[in-house]
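Okay, everyone, thanks for coming.

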Amino acid sequence: MSTRSKKYNLQSRINRTEAIYGALDEAAYEGNLGMVEVARFYMNADDSQIQEFESEMDNGNETEAWDIVQRFH
């Protein structure tokens, strides 16, 4: 695994937001995180937070990925 940090420009953040949202099944419950929260995360999180989120998604750990977004807010 590479330890090199990725850089996420605005267009990359927008594209990633759309891709991640499409990959996640959104549940409806109190405290639910959805598209708005994911978009805010991608627009405001630092590169290391995004990298951590995407790593969890790549490894199939959707629950941990959602936790990262939730902790961000």
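Predicted model: local features only at pLDDT ≥ 70, side-chain atom pairs only at ≥ 80, totals over all residues.

What kind of aromatic pair do Y42 and F53 form? An edge-to-face one, with 5.9 Å from centre to centre and 85° between the planes. Y42 lies in helix α2 and F53 in helix α3, so this pair ties together parts that are eleven residues apart in sequence.

Y42 has another ring partner, F41. Their ring centres are 5.8 Å apart and the planes sit at 85°, so that pair is edge-to-face too. F41 is buried, at a relative accessible area of 0%, and Y42 also counts as buried, at 0%. Searching the whole structure turns up four aromatic pairs.

Now have a look at helix α2 itself, residues 35–44. Which of its residues are buried? E37, V38, F41 and Y42 are. They span an arc of only 130° around the axis, which puts them on the same side of α2. If you're wondering about the spacing, an α-helix has 3.6 residues a turn, so residues three or four places apart point the same way.

Okay, on to the charged side chains. The whole-structure search finds four salt bridges. Take R13 and D47: their side chains meet at 3.0 Å, N to O. R13 is in helix α1, residues 10–23, and D47 is in helix α3, residues 47–58, so the bridge ties together parts 34 residues apart in sequence. Both R13 and D47 are buried.

Then there's R16 with E54, where the closest N and O atoms are 2.5 Å apart. Again we go from helix α1, with R16, to helix α3, with E54, so parts 38 residues apart in sequence are tied together. R16 is partly exposed at 31% relative accessible area, whereas E54 is buried at 5%.

Last stop: R71 and E64, whose side chains form a salt bridge at 3.4 Å, N to O. R71 counts as exposed, at 53% relative accessibility, and E64 as partly exposed, at 28%. Through salt bridges that share partners, E52, E64 and R71 are joined into one network.

Terms used. Residues numbered from 1 in each chain as written. Heavy atoms only, no water. Buried < 20%, exposed > 50% of the residue type's maximum accessible area, 1.4 Å probe, protein only. Helix = DSSP H or I, 4+ residues; strand = E, 2+ residues; numbered from the N terminus. Arc of directions from axis to C-beta. Phe/Tyr/Trp six-rings, centres within 6.5 Å; stacked < 30°, edge-to-face > 60°.
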